[in-house]
Amino acid sequence: FLCLHPRPTSSKYNVKMNPATEDHKNLSNFIKLVHRELREASKQLGAEEAWKQHLQDENKLQTYAETMKKLSINHWRNRKTPNEDRIEWTINCCEDYFKNIQKHRENDFKIIERLVSEGSIVQDVSKLQQLPLPVENLFLLDVGSCGNFFKHCEKFTITAIDIAPSSSDVLYCDFISVPIEKDERVEDGKIIQLKQSSFHVVLFSLLLEYMPSSEQRIKCCQQAYDCLLPEGILIIITPDSSNQHKNMKLLKNWRWLLAQMGFKRIKIEKLTNLSCLAFRKGIIKEISSMWANAHFDESYMEFKFEIPQDREKPIEEKSSLDVDDITFDIELMQELGQDFN
């Protein structure tokens, strides 16, 4: 069930802000500025060159990392309700999913057996049924971790990576370009390559909006697929301060795109200023790709990973009184409400 939440009152309406709120705003604005600069640079230089130059700007990377750490420690971890806490949401999502994983497995095998009987695929079903269920200790890859904020959770064995680690227990890794091979290699605090099919959970918390292009976001998701064990989950947490309905078509396109890669969406929830999604890597890729081909023929669907920020106007073109468009689509609401099915 998705809940509506009131938009926070903005300072542009002359409401007095307390120091903590003003600090939060300043830190957030710096993060948004870095993201916008990257997107603008990618338009001029190409996304790969813009990203390459960004990785070479050590001062900006370190400032960005420290800013994210301050936001996490001073603001995001001081939320008064669970509906504002991305870390607790992630932990609860993992608990719910792996507790009920047998149900997801049974659903997958029903589809696999039907596809085999129809001659659509050739699979040794008995061999697939021997796949071990996840153990209690879950291997988590936290991409763009910054400060390793899940280290307090005993149920995870964590590999925390970032392009600018702000904590000694975070390893350097550029996830877009790191090879996914048979074994993991770590040298001098840097991940040289990651091991394929070795994680139960891959987490993108406030990561994809950092990527300046659709192609890079798709590459991140493909890398996550390759790192995950069968039946592992990809969790995506993305900033979303809009009303609940505004980005429904965009999120539906994410679902369709990721389904073609081999992911099935199992959960979506709107928190305060965040959208949180979880996707299951199927036992075989055909399960979700078949679903994608059967369910989506809308004209707006395309193999493109767009985020709301891509549609932002240049600062000089934006009106100070821009208002979010409110749309309501019954079919889309039903699609977004199909969680953990």
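How many disulfides does the structure hold? It holds zero disulfides, a disulfide being a pair of cysteine sulfur atoms within 2.5 Å.

Before selecting anything, note that this is a predicted model, in which local features need pLDDT of at least 70, side-chain atom pairs count only at pLDDT 80 or more, and totals for chains, interfaces and linings use all residues. Residues are numbered from 1 along each chain as its sequence is written, and side-chain values use heavy atoms, with hydrogens and water left out.

Select Cys94 and Cys93: the sulfur of Cys93 is the nearest cysteine sulfur to that of Cys94, at 5.6 Å. Cys94 is buried, at 1% relative accessibility (buried means under 20% relative accessible area, exposed over 50%, partly exposed in between, with a 1.4 Å probe and protein chains only). Then go to Cys220, whose sulfur is 6.8 Å from the closest cysteine sulfur, in Cys221, too far for a bond.

**Helix 5**

Next select residues 101-118, which form helix 5 (helices are DSSP runs of H or I, at least four residues, and strands are runs of E, at least two, numbered from the N terminus). Its 18 residues reach 26 Å from first C-alpha to last, close to the 26 Å expected at 1.5 Å a residue; the expected span is 1.5 Å times one less than the number of residues.

Colour the buried residues Ile101, His104, Arg105, Asp108, Phe109, Ile112 and Leu115. Seen down the axis, the buried residues fall within an arc of 135°, so they line one face of helix 5; the arc is that of the directions from the helix axis to the C-beta atoms. The face turned away from the buried side carries exposed Lys110, Ser117 and Glu118. After helix 5 comes Gly119, with a positive phi near 80°.

**Salt bridges**

Which residue forms a salt bridge with Asp108? The partner is Arg280, with the closest N and O atoms 2.7 Å apart (a salt bridge is a side-chain nitrogen of Lys or Arg within 4 Å of a carboxyl oxygen of Asp or Glu). Asp108 lies in helix 5 and Arg280 in strand 10, so the pair ties together parts 172 residues apart in sequence. Asp108 is buried at 3% relative accessibility, and Arg280 is buried at 1%.
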